[in-house]
Amino acid sequence: MSPTSMKRALIAGAAFVALAACGTETGDGVNEAPGTKAAVPAPVKQVKKKPVPGLPGMPPVLDPKDVYAADRPGRLSPVVRDFPSRVYVPNTESDTVSVIDPKTYGVIETIHVGRQPQHVVPSWDMKTLWVNNNRGHTLTPIDPRTGKAGKPVEVHDPYNLYFTPNGRYAIVMASLDRELVFRDPHTMERKKTVPVSCYGVNHADFSLDGRYFIVSCEFSGELLKVDTEKMKVIGQRKLPFDGAMPQDVKVSPDGKRFYVADMKADGMWVLDGDKFTEPALLPTGKGTHGLYVSRDSREMYVSNRGEGTVSVFDFTRNSITRKWRLPDGGSPDMGGVSADGKVLWLSGRYNSEVYAIDTRTGRQLARVKVGSGPHGLAVYPQPGRYSLGHTGIFR
């Protein structure tokens with residue numbers, strides 16, 4: 001073979017080897033040599049989330065890392081999907097409930113109820129709103145579909161109202177009676193009365209698994225831990241602050257911590273609910289009162305009634321990252337977050353008004369004049385599968 005012919009043969013052979021090495025590309029982006037079969041990747045093993053052994057009868061926890069997973073923006077249950085969006089404001093000194101249309105920021109109706117209404121509470125099945133007429137010793141039902149009030153039900157000293165996570169019982173926080181009263185969630189018939197040794201039981205929240213709840217005692221500066229199923233107080237702790245006045249209670253998204261607002265300590269107590277050890281104080285502002293979790297479970301809005309501000313707490317950073325100040329002052333108290341998560345609604349306890357605040361910027365959107373002594377307002381409907389009570393704790 002001549003040198004020229006040999007050179008051509010070598011070039012051709014190299015080209016063939018290069019072509020074989022490059023192969024062809026399949027639709028999966030896998031290079032495959034002609035005449036061979038692409039390697040099949042090993043199947044990915046699906047890791048299932050370990051179910052949380054919750055309170056018997058309680059709906060399964062959606063996400064063990066986020067107790068508020070069902071509360072995402074606009075995720076309305078079929079039960080409430082057709083309810084008109086309203087803000088219900090109990091006026092403790094006017095014995096009325098002001099009904100606000102959140103689109104117009106106007107009061108569209110005033111409902112006369114019993115003496116000293118404290119909170120408007122969504123029922124466990126979310127079909128009824130209960131107005132807690134504390135000194136009238138009644139609960140007034142409101143149909144959220146029509147906005148009409150029904151016949152009051154006799155219940156003694158109903159300062160606040162909660163529901164067990166399995167929907168089996170309503171729990172009346174009988175503040176002056178010094179009792180936790182477990183009742184039928186529909187008829188409100190008394191089932192069991194649990195006397196307590198602290199003063200002023202008022203707010204509560206449940207653990208991730210629903211097996212216990214922590215209660216604040218406003219007038220003696222104490223916390224209670226209660227076994228939900230046994231309906232029994234299993235722990236009691238004095239807060240380490242002279243003159244403490246604990247208010248609202250909320251559990252962290254991962255269920256590991258509880259936060260308790262304290263209007264005299266001007267901050268939130270943070271404690272391990274399972275161990276029920278001594279809490280630490282995180283300052284937020286004067287007159288710390290209400291606690292409301294954002295729709296993405298990343299932040300919590302803290303109303304500081306004594307200085308007209310709202311502090312924004314970041315769960316991951318474990319710190320206050322922002323503070324919003326109402327432009328003309330005020331007394332932000334209890335409330336809730338809109339279904340889309342864009343507006344925080346708070347009652348102005350001493351100013352006969354309600355505040356609408358943009359949750360993205362902290363800007364005040366509106367001030368709405370209502371009756372005297374507005375307190376535990378409820379934004380309704382809200383996302384979630386069921387209600388644990390108060391002004392709307394949904395899971």
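The legends below describe close-up views of a predicted model.

**View 1**
The protein chain has 395 residues, and 55% of them count as buried. Its accessible surface comes to about 17700 Å², and carbon and sulfur atoms account for 53% of that surface. Taking contacts between residues at least 6 apart in sequence, 46% join residues at least 24 apart.

**View 2. Strand β16, residues 212–217.**
Six of the six residues of β16 are buried. Y212, I214 and S216 point one way from the strand, while F213, V215 and C217 point the other way; residues on both sides are buried.

**View 3. Strand β16 with its partners β15 and β17.**
Strand β15, residues 201–206, runs antiparallel to β16 and is joined to β16 by five bridges. Within this pair, D205 has I214 as its bridge partner. The hairpin of β15 and β16 has five residues between the strands, and G210 there takes a positive phi near 75°. β17, residues 222–227, also pairs with β16 in the antiparallel sense, over six bridges. D227 in β17 stands opposite Y212. The hairpin of β16 and β17 has four residues between the strands, with G221 at a positive phi near 60°.

**View 4. Strand β21 between its pairings with β20 and β22.**
β21 spans residues 267–272 and is mostly covered, five of its six residues being buried. Strand β20, residues 257–262, pairs with β21 in the antiparallel sense over six bridges. R257 stands opposite D272 of β21. These two strands form a hairpin with four residues between them, and in the turn D266 has a positive phi of about 60°. With strand β22, residues 280–283, β21 again pairs in the antiparallel sense, here over four bridges. In that pairing W269 stands opposite L281 of β22.

**View 5. The largest pocket, with about 290 Å³ of space.**
The lining of the largest pocket consists of 14 residues. S85, P102, S338, A339 and D340 are the lining residues nearest the centre of the pocket. By class, the lining has nine nonpolar, three polar and two charged residues.

**View 6. The largest cavity, with about 170 Å³ of space.**
The largest cavity is lined by 15 residues, and D71, V293, R295, Q382 and G392 are the closest to its centre. Two elements give two or more residues to this lining: β23 (288–293) and β27 (332–337). β27 gives the most, with three residues. The lining of the largest cavity divides into seven nonpolar, five polar and three charged residues. A search of the whole structure finds three cavities of 30 Å³ or more.

**View 7. The second largest cavity, with a volume of about 70 Å³.**
The residues V61, L62, D63, D66, V67, A69 and A70 are among those that line the second largest cavity. The lining also includes L208, R385, Y386 and R395. By class, seven residues of this lining are nonpolar and four are charged, with no polar residues.

Technical notes. Residues are numbered from 1 along each chain as its sequence is written. This is a predicted model: local features need pLDDT of at least 70, side-chain atom pairs count only at pLDDT 80 or more; totals for chains, interfaces and linings use all residues. Side-chain values use heavy atoms; hydrogens and water are left out. Buried means under 20% relative accessible area, exposed over 50%, partly exposed in between (1.4 Å probe, protein chains only). Two strands pair if DSSP finds at least two bridges between them. On a 1 Å grid over the protein atoms alone, a cavity is a set of points where a 1.4 Å probe fits but cannot get out, and a pocket is an open set with protein on both sides within 12 Å along at least five of seven lines; lining residues have an atom within 4 Å of a point. Grid points are joined across faces, edges and corners, and a volume is the space filled by probe spheres set on the points. Ala, Val, Leu, Ile, Met, Phe, Trp, Tyr, Cys and Pro count as nonpolar, Asp, Glu, Lys and Arg as charged, and the others, Gly among them, as polar. Contact means heavy atoms within 4.5 Å. Accessible areas come from the Shrake-Rupley method with a 1.4 Å probe; for residues, only the protein chains shown count as cover.
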